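Thank you all for coming; I would like to walk through one model this morning, going slowly from single residues to the sheets. Please keep the sequence and the structure in view while I talk.

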Amino acid sequence: MRIRKAILTGGGRATRLHPITTTINKHLLPLANRPMIFHAIDKAVEAGVEEIFINVNPGENELEQYIGDGGHWGIKIKFFEQTGGPQGIAHVVKEAEKFIGQDPFMFYLSDNVLLGGLQEMVEEFIRGKFDCVLALSQVEDARAFGVPVFDQSNRLIDVWEKPVNPPNNFAVTGIYLYGPKVFFEAFDHIKKSDRGEYEISSIHSYFLKNNYRVGHKEITGWWKDTGKPDDLIIANGLLLDKMKEHQFPNRGSIDASAKISGKVQIGIGSTVGENVVIEGPVIIAENCILKNCEIGPYVTIGSGSEIYGAKIKRSIILDNGLIDANISICDSLIGKGVKVTKKNTEQFDSHRMILGDKTIIEI
């Protein structure tokens, strides 16, 4: 029994990432200068998945335009709308029943980023003939997650959704494997939670209380649910670290006065001008201009961006940004088309800013 099908999430509103996500789908935010959901697709394909079904918000086609039909990965990808508004992630799976049929499948929340692979988890699912396998990861504070409950013999007996007092520091991550038909059987027996959603933890709790075979596998390596800007910046840095030297080609032009060290990727049509210092890992996309600035480490810069005079570390800058000021920027997420420019006055005031897409700031 192989896992050939997967459901990936592409909907939701990502309010914790506002204002950035008011004008871009969260799953298209760049990590290592690739849309976040591309990393999830990579992991599913590496694990043997051949067909992927992605849910989208009603009326949205942005994801489909970016991702296409799956030909880039050598698989098939289809998109479906989650009807009736947001009703929880278990409802997302229910909406995909017509695609999954009676086959086993993977369910992957696309805002989960991991460095390791999923092959071992899939192999354990097949070898153990489980109805379900949950991926677990240790976290500092489990209150924001589904949490596994073990008895004194360390046997998994329940899953609690966002408990006030977690029984341990394990989180059920957003990566799940299910056997034929079992998810849809369980869905018909659960009810909406107090917050009006069909919780995925209710599915797993039903399994455990009705003698389904539920396994668990601790994720090896690093895992993060990228629900907040800080999470994205951390994930961006770790993915940059993991990339190999050959993934950092120079396809742009570099002035003789520029100083570059570490792993640095420079896109086609980009210019690294005079007095630029870059400390990798750094990715600079296509058609960018950099002059008199210091970049890195752990910075990704979207296509069409221009940077003059600034010092930037551990930050994600989306497409078509303009930063033209003697300013130090660190641990920041800056949206598309944002402009940060010098103020035409000698008066200086301090500023605190949360910058969304198409913002213009004069300093």
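Let me begin with a question: does Glu62 count as buried, partly exposed or exposed? Glu62 counts as partly exposed, because its relative accessibility is 23%, where buried means under 20% relative accessible area, exposed means over 50%, and partly exposed is in between, with a 1.4 Å probe and protein chains only.

Before I go on, a word on the source: this is a predicted model, in which local features need pLDDT of at least 70 and side-chain atom pairs count only at pLDDT 80 or more, while totals for chains, interfaces and linings use all residues. Residues are numbered from 1 along each chain as its sequence is written, and side-chain values use heavy atoms, with hydrogens and water left out.

Glu62 has its place in helix H2, residues 62-67; helices (H or I, at least four residues) and strands (E, at least two) are DSSP runs, numbered from the N terminus. Not counting residues up to four places away in sequence, Glu62 touches Thr23, Ile24, Asn25 and Leu28, contact meaning heavy atoms within 4.5 Å. A polar atom of the Glu62 side chain also lies 3.4 Å from the backbone nitrogen of Asn25.

Let me turn to Asp111, which lies in the loop between strand E6 (105-108) and strand E7 (112-114). With 14% relative accessibility, Asp111 counts as buried. Its side chain makes a polar contact of 2.6 Å with the side chain of Lys26 and another, of 3.2 Å, with that of Asn112; a polar contact is a pair of N or O atoms within 3.5 Å, where within protein one must be able to donate a hydrogen and the other to accept it, and residues adjacent in sequence count only if both atoms are side-chain atoms.

Now to the interior. Helix H1 (residues 36-46) is largely enclosed by the rest of the structure, because 9 of its 11 residues are buried, including Ile37, Phe38 and Ile41. The largest nonpolar core has 58 residues, and Leu8, Ile52 and Ile54 are among those with the most contacts inside it; such a core is a set of buried Ala, Val, Leu, Ile, Met, Phe, Trp, Tyr and Cys residues joined through side-chain atoms within 4.5 Å. H1 gives the most to this core, with 6 residues. A second, separate core of 34 residues includes Val93, Val172, Ala186 and Ile203.

Strand E1 (residues 5-9) has 5 of its 5 residues buried, with Lys5, Ile7 and Thr9 on one side and Ala6 and Leu8 on the other. E1 runs parallel to E6, with 4 bridges between them, and parallel to strand E4 (residues 51-56), with 5 bridges. In these pairings, Met106 in E6 is the bridge partner of Ala6, whereas Ile7 stands opposite Phe53 in E4.

Finally, there is an open sheet of 5 strands with parallel pairing, in the order E16-E19-E22-E25-E28; two strands pair if DSSP finds at least two bridges between them. Strand E16 (264-266) and strand E28 (333-334) stand at the edges, and each has a single partner strand, so one side of each is left without a neighbour in the sheet. Strand E25 (residues 315-317) is joined to E28 by 2 bridges, and Ile317 has Ile334 as its bridge partner in E28.
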